[in-house]
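Q: Please examine the ligand site of the entry below and explain the terms used for it.

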Amino acid sequence: MQKELRKLPSVDKLLKQNEVRALLQEHGRELTVTAIQEVLADTRQAILSGLRACPKTTELCQRVATRLSSLLRPSLHPVINATGVIIHTNLGRSPLSVAAQEAIREMSAYSNLEYDLPAGERGSRYIHAEELLCRLTGAETGLVVNNDAAAVLLILTALAKGREVVISRGQLVEIGGGFRIPEVMAQSGAHLVEVGTTNRTYLQDYQAAITLDTAMLLHVHTSNFRLLGFVHQTPLADIVTLAQAHDLLAVEDLGSGALLDTAQFGLGHEPTVQESLAAGADLVCFSGDKLLGGPQAGIIVGKSALIAVLKHHPLTRAMRVSKTVIAGLQATLLHYLKGEATDQIPVWQMIAMDVGQIKSRATALTEWLREALALSPPGGKVQAEVVDGSSRVGGGSLPGETLPTRLVAIRVTAPHELAQRLRLGSPPLIGRIEKDVFLLDLRTVLRTQEAALRQALKAAL
Ligand SMILES: *Cc1c(COP(=O)(O)O)cnc(C)c1O
């Protein structure tokens with residue numbers, strides 16, 4: 001072992017190798033030396049823990065090159081989503097429209113973010129999305145913060161701290177990523193008053209819970225699960241009527257916050273923001289990157305007097321959205337105003353995508369695969385075919401609902417190995433495995449990524 005350790009070259013010796021000299025030229029001394037030191041330390045450790053022979057110098061140089069390129073590759077990069085889950089939280093939720101991407105790119109320069117151009121004086125960043133939100137939802141006004149979790153925390157803190165908030169037991173949900181309504185409530189300083197049972201909550205339950213300390217009746221959309229059978233939730237409109245009779249606030253956390261009706265695409269009906277406002281909710285909050293199809297944001301719409309209170313709360317400053325988010329959101333909202341959401345917003349394009357279209361893309365990919373890899377259908381080692389399947393909307397909306405799709409099914413002896421090779425490719429390609437068959441759903445693969453997808457498959461197979 002000591003003998004092998006002594007064979008390890010010094011940093012200086014490696015710096016003199018031709019291959020490392022080239023790296024030195026390209027990346028400079030500091031970074032190259034760091035990579036060499038890390039490689040040598042790893043190799044020393046490997047020898048100490050049982051590696052019998054010290055690698056050859058050329059091999060070490062190769063490792064230095066690999067280390068440098070992984071050092072320089074950003075750990076966050078684009079992937080191809082072939083999972084068929086449209087709003088995939090692990091894959092960054094909603095892909096943005098071309099216009100939204102462009103708007104975000106333009107924001108890398110100066111802008112009138114907080115500058116009132118006609119007056120030549122300080123303005124507000126919040127006006128940029130406000131008018132659009134009002135036009136689209138019918139709200140008096142709106143406010144944008146970092147995400148919907150922040151929106152809920154802000155509303156509870158600013159409007160109900162130290163007082164009681166009544167909520168149905170059936171709506172004490174956990175969204176994932178640690179967001180649980182009772183915990184957010186505790187964090188805000190509002191007191192949770194749970195009413196009803198897990199499966200049934202009536203208007204009388206809310207009524208009986210109202211005291212002099214009550215500030216708000218909160219309605220939370222159970223976005224990511226569904227109760228079936230003997231269930232009853234009190235409609236929002238009834239909660240609003242009760243709140244008004246007692247001079248209380250009626251607030252709804254919608255989560256996904258659709259502006260379009262999902263039912264027109266053969267899915268269940270996801271409640272829309274317009275409906276919640278029409279039912280009379282004082283405030284409605286929802287995510288920017290779920291069914292809205294925009295960047296990560298938390299959007300609050302509703303009564304001006306309440307939003308004015310929120311705007312001046314110190315938490316709002318701590319949850320302030322960036323200029324890039326406002327730009328992306330504004331561009332996304334404009335698609336709705338122009339009536340082009342299903343043509344321009346990727347999430348809605350994917351929801352509205354015709355099965356025939358997916359089938360022809362899947363067929364074309366399968367034929368290409370057979371040719372490119374000279375697969376022998378049937379009986380060969382690798383087989384590809386088009387099969388029926390289903391896509392999901394995801395993003396904590398429409399649980400259990402699916403959209404019919406056509407999948408490219410790839411049969412190989414070791415599907416998990418194939419999936420891993422594809423995940424580690426550049427760009428990574430993410431599919432799914434069902435019953436030992438590797439499946440690709442082209443519904444969620446952007447058109448602009450199809451060439452890269454073929455490249456990835458070719459490399460991995
Ligand atoms: C998703 C969701 C949230 C959290 O939204 P983020 O934008 O991810 O913070 C809160 N409430 C409900 C009901 C949700 O579905």
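Q: What makes up the shell around the ligand by class?
A: The shell has four nonpolar, five polar and four charged residues. Ala, Val, Leu, Ile, Met, Phe, Trp, Tyr, Cys and Pro count as nonpolar, Asp, Glu, Lys and Arg as charged, and the others, Gly among them, as polar. This is a predicted model, in which local features need pLDDT of at least 70 and side-chain atom pairs pLDDT 80 or more, whereas totals for chains, interfaces and linings use all residues. Residues are numbered from 1 along each chain as its sequence is written, and side-chain values use heavy atoms, with hydrogens and water left out.

Q: Which residues are the closest of those that surround the ligand?
A: The closest are A149, S223, D253, S287 and K290, and 13 residues surround the ligand. A residue is near a molecule if one of its heavy atoms lies within 4 Å of it.

Q: What distances separate polar side-chain atoms of R93 and K290 from an oxygen atom of the ligand?
A: The distance is 2.9 Å for R93 and 2.8 Å for K290. Of the 380 Å² that the ligand exposes when taken alone, the protein buries 94%, with accessible areas from the Shrake-Rupley method and a 1.4 Å probe.

Q: Which elements give two or more residues to the shell around the ligand?
A: These are α8 (148–160) and β11 (249–255). Helices (H or I, at least four residues) and strands (E, at least two) are DSSP runs, numbered from the N terminus.

Notes:
Polar contact = N/O pair within 3.5 Å; in protein donor to acceptor, adjacent residues only side chain to side chain.
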